Amino acid sequence: MATTNASSQHTKAQENTGDQPAPTTFDSLSPITGDVVGTYPVRSREEVDAAVERARPAAQWWGSLEFADRKEILNRWKGVITRRIHQLADVVHAETGKPHSDAVLEIALAIDHLAWAAGHAKKLLGRRTVNPGLLMVNQKATIEYKPLGVVGVIGPWNYPVFTPMGSIAYALAAGNAVVFKPSEYTPGVGQWLVDSFAEVAGDHPVLQLVTGLGETGAALASSKVDKVAFTGSPGTGRKVMEAAAKNLTPVVIEAGGKDAMIVDEDADLAAAADAALWAGMSNAGQTCIGMERVYVHQKVFDAFVAELTAQAAEVRAGSDPEAKFGPITMPGQLPIIKRHIDDALARGGRAVVGGADAVGERYVQPTVLVEVPEDSVAVTEETFGPTLVVNSVPSMEDAIRRTNATSYGLGGAVFGKKRGAEIAHRIRSGMTSVNAVTAFAGVPSLPFGGVGESGFGRIHGEDGLKEFTYSHAVTVPRFKPMMVLTSFKRTEAQDKKLTSLLTMLHGGKQLKD
């Protein structure tokens, strides 16, 4: 995920000069027109701390509810979002520039995850009995997962509903209160989500909003929340970890990727090209689990590139209804995209679609680069734009090696008939889809997250629910034990019985001389 720092071209703090206090508001600007979409407060450290303190009693109330009661409230919220999906999509479009239909798809996925989290929390987090083992057979052993308390969520701008809801929905379903700091590029989306939840939660500030720039996010990370969930760049992720470390606050970090698609010689090339094009270009390439690298078996490389080029002719960036994707939301990313394209071309790569002139003032047209050296920044660094690097490989072994030769490890895809699943299981990433792209993100029961520079911890699925809890183990005697092991009154005879039992259970067979 690209950096989340504010840019004056898109989010603008109200100007102050001389010795006046620091700005107290900022504007959210349309990346299409530059017009002001809305004006929001820059919350200070004191205001962030106050929000966290307000969340404490709300968390106690929310956490004390039965799972069924929380499920009912979350389902009402789900209904509100569903009935007003186009209203929310309009806000997403206004602040990110993405087409309305793409915004609807993002919200639809978030709704499905909200439903899953609310519906599965009791089964996965509720108290259950576990086997105590023979040594402690007299004990009834139970485990349950309790809410942490107050969770701070720092969200991104590229998917301002789907991504933060992967933390918010699961944290709420687990019984936590949430203080949400949306990206400075999409504060209106954050406001909409919090306001809609307030309609169903009453006067309890279970989900609160704190808007602002980087300093507000830093204040939330260093506040006395019980966990921080962050989505952004590796650099900003390190700053979040450093701030949270002051209070020993645990964090879950999703820090982007440089995902690759592998295309085997027996793949459906038309389907693979379509998937690569969508995964690389949709949302203007501003997708942490989008494809940026494609490794194609040399036997079908030319055919694949021809198919991809033909399909790309129908894809264009713009603000009109026929455009397939919108502008680059964060203007500061434009020079990074251009640098990557220029470096690839200077290093001997070829542009079969787009190229050096694809980067405009607001839009980047689709660009497909082939024969790019593996040490080019277009291959090694996250581009976060509508570009694809497509390289030929002599074998699937080489494709796997190149795919894994990155400090990132978020998602990926494999297209192939015979060996697709086998290859997918050898990819060093948190998630991989076979003969599809990003399918794992739409499966609520699967965990979402990466390894390496892509971060750690998980949202979504059972792992995502448990991410916002702590386990509580309890033992209760069922009957008097034959031996009390935790006593100074333990006898030598009892020790012999213990060692005999251990030998019988775990000693195994003695090897003959």
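**Figure 1. Helix 1 and helix 2 cross with their axes within 8 Å.** The model is predicted; local features need pLDDT of at least 70, side-chain atom pairs count only at pLDDT 80 or more, and totals for chains, interfaces and linings use all residues. Residues are numbered from 1 along each chain as its sequence is written, and side-chain values use heavy atoms, with hydrogens and water left out. Helix 1 (45-64) and helix 2 (residues 67-83) are DSSP runs, as are the other elements named below (helices: H or I, at least four residues; strands: E, at least two), numbered from the N terminus. The crossing angle of helix 1 and helix 2 is roughly 110 degrees. Axes are lines fitted to C-alpha atoms, for helices over the stretch in contact, and angles run from 0 to 180 degrees between N-to-C directions. Helix 1 and helix 2 therefore count as roughly perpendicular (65 to 115 degrees; under 35 is roughly parallel, over 145 roughly antiparallel, and the rest oblique). Trp61, Trp62 and Gly63 of helix 1 are in contact (heavy atoms within 4.5 Å) with Arg70, Ile73 and Leu74 of helix 2. The residues of this contact comprise four nonpolar, one polar and one charged (nonpolar: Ala, Val, Leu, Ile, Met, Phe, Trp, Tyr, Cys and Pro; charged: Asp, Glu, Lys and Arg; polar: the others, Gly among them).

**Figure 2. The buried residues of helix 2 pack against several elements.** Helix 2 has 17 residues and spans 24 Å from its first C-alpha to its last, close to the expected 24 Å (1.5 Å times one less than the number of residues). Its buried residues are Arg70, Ile73, Leu74, Trp77, Gly79, Val80 and Ile81 (buried: under 20% relative accessible area; exposed: over 50%; partly exposed: in between; 1.4 Å probe, protein chains only). Their packing partners include helix 3 (85-96), helix 4 (100-125) and strand 8 (207-209).

**Figure 3. Helix 5 is largely enclosed by the rest of the structure, because twelve of its twelve residues are buried.** Helix 5 covers residues 162-173 and reaches 16 Å from first to last C-alpha, close to the 16 Å expected. Among its buried residues are Phe162, Met165, Ile168, Tyr170 and Leu172. Gly175 follows helix 5 and has a positive phi, near 105 degrees.

**Figure 4. Arg402 lies in helix 13 (residues 396-404).** Arg402 counts as buried, at 16% relative accessibility. Its side chain makes a polar contact with the side chain of Glu374 at 3.4 Å (a pair of N or O atoms within 3.5 Å; within protein, one must be able to donate a hydrogen and the other to accept it, and residues adjacent in sequence count only if both atoms are side-chain atoms). Not counting residues up to four places away in sequence, Arg402 also touches Arg293, Tyr295, Asn391, Ser392 and Val393.

**Figure 5. Leu248 has a positive phi although it is not a glycine.** Most residues other than glycine have a negative phi. The phi of Leu248 is about 55 degrees. Leu248 sits in the loop between helix 8 (234-245) and strand 10 (251-254), and is exposed, with a relative accessible area of 76%.

**Figure 6. Thr438, not a glycine, has a positive phi of about 55 degrees.** Thr438 belongs to the loop between strand 17 (433-434) and strand 18 (455-456). Thr438 is buried, with a relative accessible area of 14%.
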